[in-house]
Amino acid sequence: MEKLGLNEIRERYLSFFESKGHLRLPSFSLVPENDPSILLINAGMTPLKPYFTGAQVPPRKRVTTCQKCIRTPDIDNVGKTARHGTFFEMLGNFSFGDYFKKEVIPWAWEFLTEDMKIPADRLYITVYKDDDEAYDIWNKTVGVPAERIYRFGKEDNFWEHGEGPCGPCSEIHFDRGPEYGCGRPDCKVGCSCDRYMEVWNLVFTQFDRKADGSYERLAFPNIDTGMGLERLACIMQGVGNLFEVDTVRRILDTVCELSGKKYGEVYKDDVSIRVITDHIRSTVMMVSDGVVPSNEARGYVLRRLLRGACRHGKLLGIKGAFLTRLAEVVIQESGSAYPQLIEKEAYIKKVIAAEEERFSATIDQGMLLIGDIVKDAKASGATEVSGEVAFKLHDTYGFPFDLTREVLAESGLSVNEEEFRKAMKVQREKAREAIKNRESSWSGKEAVLPKDVPATEFVGYTDLSCDAKLICLLKKNADGVLEVCDSAETSDEAVAVFDRTPFYAESGGQEADQGEIVTAEGAVLELAGVTKTNDKRWMHSVCVVDGTVKTGDVCKLTVDAEKRRLTERNHSATHLLQKALTTVLGPHVHQAGSSVNSERLRFDFNHMQAVTPDELAEVERLVNEAISAEYPVTVKELPIDEAKKLGAVALFGEKYGDIVRVVDMGGYSVEFCGGTHVRNTSSIGLVKILHESAVSAGIRRIEAVTSKTAIAYFKEKEAILEEACDAAKATPSDISEKIKVQSEKLKELTKEIEKMKREKASGGVDAVIKNAQEVAGVTVFTGRFDELAGDALRDLCESIRDKAECSLCVLASGKDGKVSIVAMASKACVAKGIKCGDVIRKAAAMCGGGGGGRPDMAQAGGRDVGAIDKMLASVKEFI
């Protein structure tokens, strides 16, 4: 058995199946496409589901992949044993109605025994108990002795998930030797010990399970196989677990180098070393696929992995930031298989560095707080920490709940998760309150078309008007459900499908065209929206304004040309904007979303910090420079490989077919795009960036206007400037200086007024001192100064407090209709047990407010100015 590196094993597998007529596909993104059922791709066949279900046509009936996968159910066990990990690679070969058992079983045996040269006598087979076909192929065709083939039931060797395609499976196991076993004389395949390791699972999807539990044989059965690359590497390299595999071990050794620890000496250190090694692999792969740290969904998974690695680095004593160094090792080890890691290295490291820096301060503060929580719990004999405490750590200090639970568990404490979930639910409900009254509008997007409705011919790239035949009409029934109908009358809302259309359907961030539809008989339909299905059927959401429309009617479809032209200008501007952003900010920038219509454009992109005003100005300058350059805009449909050679920019994470539409703006910007565009960049006119803001962690947004809207923007600003000049008696050239001079004068006058107020207030100080009262050995000063607030009130309070050795001074103000209260106590007063925080809370409560502070100084606000005098009269009672 030849010792092979993980990267070589991967290449040998894919090449082997290419020799069997399979198309090698690159790994799909870890972010699922159109599959809301999962956060991250967790198996080799998952991104291929549309091919298995028939929703999409596969590029070839035989496919092979090495798919990046992440599974997090066992995340809490990662590191505690060497068996668990979150990231792995899944080798697979797939047949979509092509070959079946008699081909795939011999191929699997051939690859393992001839290509990998694994001794045949160390391989064992399991089959489903009733699958005589698979058993006979293994035994009679391949030649595996009967004593090394085991029949198991549904629990082990039958793949199904509710109704739908399912079937038996056959697993190949490797005997690692008695040193990995349990020592029992009856130890064999199926034992829970580590001796017999499952290597490869061959799933034979040959049945369709019905609702009544019966099975119907599929006319065209499929093959779905999966083999863990790291598992196979363990066998080929003769190592005990995935952390010993060559590419992973190099990451682990770097962790040891950075921490000064030696792997295998101290269990607690080994746990942290394995956690960091595993988590940084997942982190690098997720970031390269466009995931950014956040508090929701897959972004939260990434944040948890990153922060877990960061925390365990601190447990190992690693000083300062270290995760980007480990990211470099991951990229070095996996870059040959996943070139985007090398292409995006700077961006990956930037995302990781920003999150590590952000969390460093959080973890230091959080660990101190948890230390106090643990101390208090143990002092009181408690074994559980309340969910409210965990929620406060999460909500106020940003300390993740999972980390709180993990740290508490290390000290033998649990946390009340139900209480935490309730607190989180209350918080979310408050957040949703602001949008609960948002109204929905008719869009028709929920329409489901009959399968026999043919694809629509889109003519809108060249024509803004055409005659078309209405081939399908759907209208809401009494229950509000859209169903096929023959006609629609005035005021009816419907979905219309034509054999051809000039209307651009909402897609790629570009809003749908607007316009008018008129039947040959004169019925008028108002267009509410246009969408399209994956199989290119355009759905026109309409409201019948006048007349009756019937299936089969010939209609005139006319796009609102003015709005289309304005939308095209905004869409083309986003292409120039992306190019300018990559020039100014760096090649890591990629589109994370966009929205363009006739009025404005919005462009979301990945970048870890706010774009500075200077950077934004340079981006705007470059865009307008490209507009002035009068670049011709050409559109071509090209094979995807040829388009990539031209340097065309693909939308990050988007899936493309073999032929793509490429929009080339004079070679300055070349992108894959299905939208509508200007014919020359000069048509855009100009671009004005209005705002730059954060959308979420690592995602920024630019909003801008072009053409007529930009001109209107400048005219509005010009009118405001003229108005300001009139008010300041200035010209546009000197108004800025005049405002500065007047602002300085205003500051001086404000200071003078404050000084006069303090002098006036000082006249009342004597009365406060004269009317002081002695309570339990404390001199209590109280007074009201409505002309003061803020610093002035505090300064006065401090000066009065110092008039006696053991004193408490409480002053209040009702300035501008708002209550301000300040309390200060001398050292001697505090020593008697009097706390200003307690005093101020009672005082504020009487005035309809709240506040707090230190024992020697506290302040508060309130709403009820009329209660100030009564509150001041009650201060002596507080003591």
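What follows is a friendly conversation about strands and helices in a predicted model.

Biologist: What makes strand 28 and strand 29 a pair?

Modeller: Two strands pair if DSSP finds at least two bridges between them. Here 8 bridges join strand 28 to strand 29 (residues 699-706), so the two count as paired. They run antiparallel, and Ser693 stands opposite Arg701 in strand 29.

Biologist: Which strands belong to that sheet, and in what order?

Modeller: The sheet is open and has 4 strands, ordered 23-24-29-28, with antiparallel pairing.

Biologist: Why are strand 23 and strand 28 called edge strands?

Modeller: Strand 23 (591-596) and strand 28 (687-696) each pair on one side only. From one strand to the next, the twist averages 15°.

Biologist: How do you know that helix 17 packs on the sheet?

Modeller: Contact means heavy atoms within 4.5 Å, and helix 17 (residues 613-628) touches strand 28 and strand 29. Its direction makes about 135° with that of strand 28. Helix 19 (residues 707-728) also has a place here: it lies across strand 28 and strand 29, at about 85° to strand 29.

Biologist: What makes strand 25 and strand 27 partners of strand 26?

Modeller: The threshold is at least two bridges. Strand 25 (residues 633-639) is joined to strand 26 by 7 bridges, and strand 27 (residues 669-672) is joined to strand 26 by 4, so both pairings qualify. Both are antiparallel.

Biologist: What lies between strand 26 and strand 27?

Modeller: The two form a hairpin with 3 residues between them. In the turn, Gly666 has a positive phi of about 60°.

Biologist: Now some helices. How are helix 9 and helix 14 placed relative to each other?

Modeller: The axes of helix 9 (residues 297-315) and helix 14 (residues 401-410) come within 10 Å and cross at roughly 35°. Among the contact residues are Arg304 and Arg311 of helix 9, and Asp402 and Glu406 of helix 14.

Biologist: What is the make-up of that contact?

Modeller: Its residues divide into 6 charged, 3 nonpolar and 1 polar. Asp, Glu, Lys and Arg count as charged, so Arg304 and Glu406 belong to that group.

Methods:
Residues are numbered from 1 along each chain as its sequence is written. This is a predicted model: local features need pLDDT of at least 70, side-chain atom pairs count only at pLDDT 80 or more; totals for chains, interfaces and linings use all residues. Side-chain values use heavy atoms; hydrogens and water are left out. Axes are lines fitted to C-alpha atoms, for helices over the stretch in contact, and angles run from 0 to 180 degrees between N-to-C directions.
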